[in-house]
Amino acid sequence: MAGRRIALLGATGSIGRQALEVIDAHPELSVCGLASGSQPIDDLAAARGVEYAQVGGDLTDLLEACRPDLVLNAVVGFAGVGATLWALEHGVALALANKESLVAAGELALRARRSGGGLLLPVDSEHSAVFQCLEGRAPETVDSIVLTASGGPFRNRSLADLESVTVEDALAHPTWSMGPKITIDSATLANKGLELIEAHFLFGLEYERIHVVVHPTSVVHSLVRFRDGAALAHLGHPDMRVPISYALTYPDRGATAVPHLDLSRGVTLEFEPPDGQRFPLLPLARMAGERGGTYPCAFNAANEVAVAAFLDGRIEFLDIAPLVEDALAGVSGAPANDLAELVEADAEARRLAGGRLVAT
Ligand code: NAD
Ligand code: MG
């Protein structure tokens, strides 16, 4: 592979730090730009001789300045939208961890990809798995996708038990170590809802052909089912360095330090249906996705507001879903024709969710 200059957005986060580890293992990969939301990154940039570094501000300024070969968008939340659209519009390869941007801006992102023609490489483990299972397959042979979910820390809690769970309980994820926002999303299953919408836009499948199944050990990262009755699955230890490395070294599948599964020691493969009663954000996300327009954007925005409020101790765990549901009921959901209209739809949902927050 020729040298690849990477702009790493969200460099101080969980994905960002693991990406630096992957980059360091590959001499052909280098960092040309670093960005964080509020954490200082000057030292990190200086230590690596990175010329362009930015804390906060408009991420597209950094991208315009450093002109990378690949953008790794590992920012959390809607803040990543501008960078996703920039990479797709400019035909610059995009390694996408920031699922919120594709959920919120799916239609605009697809339009940008059509005109820019760049590669869109999923970093989310499930989507990386699906992407790999789909490689080289004719679309008409694909029946459906099955996304796996760990079920999060509350998989076995009753609804009554969920009333009293704390932020600390919700942050104790059983299989993945991740940033706080996605960890809460994993506890509510909103994360799988976001991933359902992400899969719809990435792979162009209708929602009824995208299924979710709970798989507590997170060994199977997802499956693709084909028309002949065969299913291809992607297995491995739950370690984000694998999908990060796959995207950054694509199509070379560079080596990583992650060990193989030792099947001779036994591997537990259990699956069960998700429970939409205890985890209503998953069916709510599906509904938002099916409605289309800016409903997915509103779902994401209201969820960001609710998760931040929960992390701040302002609402209870079980207040998160009703807050999102109410916000969704109040928005227009009309499609956004451009980024400005999308930003307005995002703001509208945040206002509704914020208003309800004040009322509680
Ligand atoms: P994190 O909270 O650990 O890190 C987020 C990073 O984004 C930080 O560097 C932060 O400074 C930066 N950031 C926040 N707001 C910003 C802004 N306005 N401008 C620029 N930078 C900003 O989060 P994470 O767990 O690394 O997750 C990042 C993204 O990857 C999320 O979209 C998440 O859903 C996705 N993802 C994460 C994992 C994981 O294992 N952590 C797995 C799959 C997908
Ligand atoms: Mg995932």
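## Close-ups of a predicted model

View 1. Six strands make up an open sheet here, ordered 3-2-1-4-5-6 and paired in parallel. The edge places go to strand 3 (52-55) and strand 6 (120-122), and each has a single partner strand, so one side of each is left without a neighbour in the sheet. Going from one strand to its neighbour, the turn is 20° on average, direction ignored. Keep in mind that this is a predicted model.

**View 2. Strand 1 alongside strand 2.** Zooming in on one parallel pair, we find strand 1 (residues 4-9) joined to strand 2 (residues 29-36) by 6 bridges. For a handy landmark, look for Arg 4, which sits opposite Leu 29 of strand 2.

**View 3. Helix 3 lying over the strands.** Helix 3 (residues 59-66) stretches across strand 1, strand 2, strand 3 and strand 4 (70-73). Against strand 3, this helix runs at about 175°.

**View 4. The magnesium ion (ligand 2) and its protein donors.** Three residues supply the protein donors: Asp 124 (OD), Glu 126 (OE) and Glu 195 (OE), at 2.1 to 2.3 Å from the ion. Along the sequence, the donor residues of this ion follow the spacing D-x1-E-x68-E. Glu 126 belongs to helix 7 (residues 125-134) and Glu 195 to helix 11 (residues 190-203), so this pair ties together parts 69 residues apart in sequence.

View 5. Are Glu 126 and Glu 195 buried or exposed? Both of them are buried.

Notes: Residues are numbered from 1 along each chain as its sequence is written. Chains are lettered from A and ligands numbered from 1 in the order in which they are written. This is a predicted model: local features need pLDDT of at least 70, side-chain atom pairs count only at pLDDT 80 or more; totals for chains, interfaces and linings use all residues. Side-chain values use heavy atoms; hydrogens and water are left out. Two strands pair if DSSP finds at least two bridges between them. Helices (H or I, at least four residues) and strands (E, at least two) are DSSP runs, numbered from the N terminus. Axes are lines fitted to C-alpha atoms, for helices over the stretch in contact, and angles run from 0 to 180 degrees between N-to-C directions. Contact means heavy atoms within 4.5 Å. Donors are N, O and S atoms within 2.8 Å of the metal (3.2 Å for Na, K and Ca); water is not among the atoms, so sites may look incomplete. Buried means under 20% relative accessible area, exposed over 50%, partly exposed in between (1.4 Å probe, protein chains only).
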